[in-house]
Amino acid sequence: MSEERSETRSESRFGEFVLVRRHEHVAELVLDRPKAMNAVSTAMAGSIAAACAALAADRDVRVTVVTSSHERAFCVGADLKERNSLTDAELVRQRPLARGAYTGVLELPMPTIAAVHGFALGGGFELALSCDLIVADATAVVGLPEVSVGVIPGGGGTQLLPRRVGAARAAELIFTARRLAAAEAAGLGLVDVLVEAGQDREEALALGARIAANSPVGLRAAKRALRLGHGLDLRAGLEVEDAAWRSVAFSGDRAEGVAAFNEKRKPEWPGE
């Protein structure tokens, strides 16, 4: 592994359960509630949202990789023990806080990668689905089992899963609440890169470093075009693309990229 991928330049903690590490221009958002297999409590949801807000405001971050500190799980979803103790009124008040965690990851302006091993279930899989790319190792088990406990996927699953695998396949997976092992998940397109056991974090950070070598202005604009254009008819989608192109065409990054190409050197992106 290269020095850029292996060296942690700084660490910041958000509450008790979320850690952000910086590896050059790649930020690693670590789910760090190992005693509960990263079950998302109210406090942890608030910390994820706070970490994402800080990352979104940091123009030096070109890629965010979401990882887990637990050896056997990425995240097992909502903290059902906590949910069981909540009154109806408390659950209503908690809902915006819970949503904030998932929308925080989903709305990060830079490319995002989830590094998944072990269980990624319910809200845990929704956190991964909120990322642009999912790297999973051979131990991964994914699924949206919410209907088996009387609710529905509420962290974006009913909207994000069909965008990956189509409406009928998403319906089958959500209605049956079944869990999928890594190989089947990769075959159906639920994850994008399948690696050997224990290699998900290393591969996700390596992929993040390769992406981060490119223009930060270009990366954010490309993500914006991909996200906003999805689901539109072709003509409307091309207008979204054109608007994104115009936002970068006269940028410092574009000027530097063209100059570096012609001078046969590595670009030094100004990020503006």
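**A walk from the surface to the core and back**

Let's start with Val-151, which is partly exposed, with a relative accessible area of 44%. Keep in mind that what you're looking at is a predicted model. Val-151 sits in the loop that runs between strand S9 (141–143) and helix H6 (157–165). Together with Leu-80 and Val-149, Val-151 makes up a nonpolar patch on the surface, and the three share about 270 Å² of accessible area.

In soluble globular proteins, nonpolar side chains tend to be buried together. The largest nonpolar core here has 46 residues, and Phe-74, Phe-125 and Leu-161 are the ones touching the most other members. Helix H2 (residues 42–56) is the top contributor to this core, giving six residues. As for Phe-125, its contacts beyond four places in sequence include Ile-134, Val-142, Leu-161 and Leu-190. There's also a second, separate core of 13 residues, with Val-135, Leu-205, Leu-207 and Leu-219 among them.

Next, have a look at Thr-64 in strand S4 (residues 63–68). Thr-64 counts as buried because its relative accessibility is 0%. Setting aside residues up to four places away in sequence, Thr-64 touches several others, including Ala-27, Leu-55, Met-110 and Ile-113.

Finally, the charged pairs: the structure holds 18 salt bridges. One of them joins the side chains of Asp-60 and Arg-22 at 2.8 Å, N to O. This pair links distant parts of the chain, as Asp-60 is in the loop between H2 and S4 while Arg-22 is in strand S2 (residues 18–23), 38 residues apart. Asp-60 is partly exposed at 36% relative accessible area, whereas Arg-22 is buried at 14%.

Another salt bridge brings together Arg-201 and Glu-28 (2.7 Å, N to O). Arg-201 belongs to helix H9 (residues 200–212) and Glu-28 to strand S3 (residues 26–31), so this pair ties together parts 173 residues apart in sequence. Glu-28 is buried, with 0% relative accessibility, while Arg-201 is partly exposed at 34%.

Terms used: Residues are numbered from 1 along each chain as its sequence is written. This is a predicted model: local features need pLDDT of at least 70, side-chain atom pairs count only at pLDDT 80 or more; totals for chains, interfaces and linings use all residues. Side-chain values use heavy atoms; hydrogens and water are left out. Patches are made of residues with over 30% relative accessible area and no salt bridge: like charges are joined within 9 Å, nonpolar side chains (Val, Leu, Ile, Met, Phe, Trp, Tyr) within 5 Å. Accessible areas come from the Shrake-Rupley method with a 1.4 Å probe; for residues, only the protein chains shown count as cover. A salt bridge is a side-chain nitrogen of Lys or Arg within 4 Å of a carboxyl oxygen of Asp or Glu. Helices (H or I, at least four residues) and strands (E, at least two) are DSSP runs, numbered from the N terminus. Buried means under 20% relative accessible area, exposed over 50%, partly exposed in between (1.4 Å probe, protein chains only). A nonpolar core is a set of buried Ala, Val, Leu, Ile, Met, Phe, Trp, Tyr and Cys residues joined through side-chain atoms within 4.5 Å. Contact means heavy atoms within 4.5 Å.
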